[in-house]
Each structure stands twice: as C-alpha cells, then as structure tokens.
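Thanks for coming. I have one structure to go through today, so please look at the screen.

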Amino acid sequence: KQSRLAHRLDIPQGARIIHISANGHFIEVQTCTQAHRVRMRFSDAVAEIDGTVGLTVHRSHWVHRDAIRGWVPNAAKPYIVLENDVQVPISKTYFSRVEAAGLIDLSGATDA
C-alpha cells in the first residue's frame, strides 16, 4: 500500500522513499530515481509515510532503513551513508535512538 506522502507527491506505486530532509519551509523527498520538493512541515511528512520502516536521525532528516549502506563513524559528526551515496548526519539527540534501532554497527567505533 502506498503511503499518504507518496500519494500526495504522485510517486509511482512501488517506488521507495529513501530519504526526507527539511530545508526551511520545504521538504525534499528522495526516491531511488527522483527528488520531490514540496512546502510542508517535516513532522507532517514523517507522519504521512505510514509505517514505512525508517527513522528520524536528525531534526531535519528521516531515512528508510533499507536504504542505509553504512555509516561514517566520525567521533564529532557521525553520518549514515545511503544507497545513493548521500551522507545524512546523525545528531547527538537522535544517536541513541539510531543505535537502539540497530541501524548502525558500532563495533570498533570510538573508545567512548
């Protein structure tokens, strides 16, 4: 079943939303092949993805779980790397949530 957000943006059935980012009053929705920009609140966009398996990793970024290819374990600013080579920052606020969800592998990361 297509999410309300995909329906709103006329994203073809079966196309997967892999990343949502906020930029001012607009959000950018990235699928495997297209980018869509619409004036909308980030929180409303995330609410409209209707159970798609993903996680907010920063106040301005949501990622699809299956789109994560890896991560850059920079101690100051860790990033998730998506299948389209986009690097998405993980904020300190959301880091423990991302870790708890098992979205990143912390083995051999920092000494912390």
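Leaving aside neighbours within four places in sequence, Val53 is in contact (heavy atoms within 4.5 Å) with Trp62, His64 and Arg65. The C-alpha atoms of Val53 and His64 are separated by 6.0 Å, and the two residues are 11 apart along the chain. Val53 sits in the loop between α2 (42-47) and β4 (54-58). Helices here are DSSP runs of H or I with at least four residues, strands are runs of E with at least two, and both are numbered from the N terminus.

Buried means under 20% relative accessible area, exposed means over 50%, and partly exposed is in between, with a 1.4 Å probe and protein chains only.

A word on the source: this is a predicted model, in which local features need pLDDT of at least 70, side-chain atom pairs count only at pLDDT 80 or more, and totals for chains, interfaces and linings use all residues. Residues are numbered from 1 along each chain as its sequence is written, and side-chain values use heavy atoms, with hydrogens and water left out.

Now the whole chain. It has three helices and eight strands, and 38% of its 112 residues count as buried.
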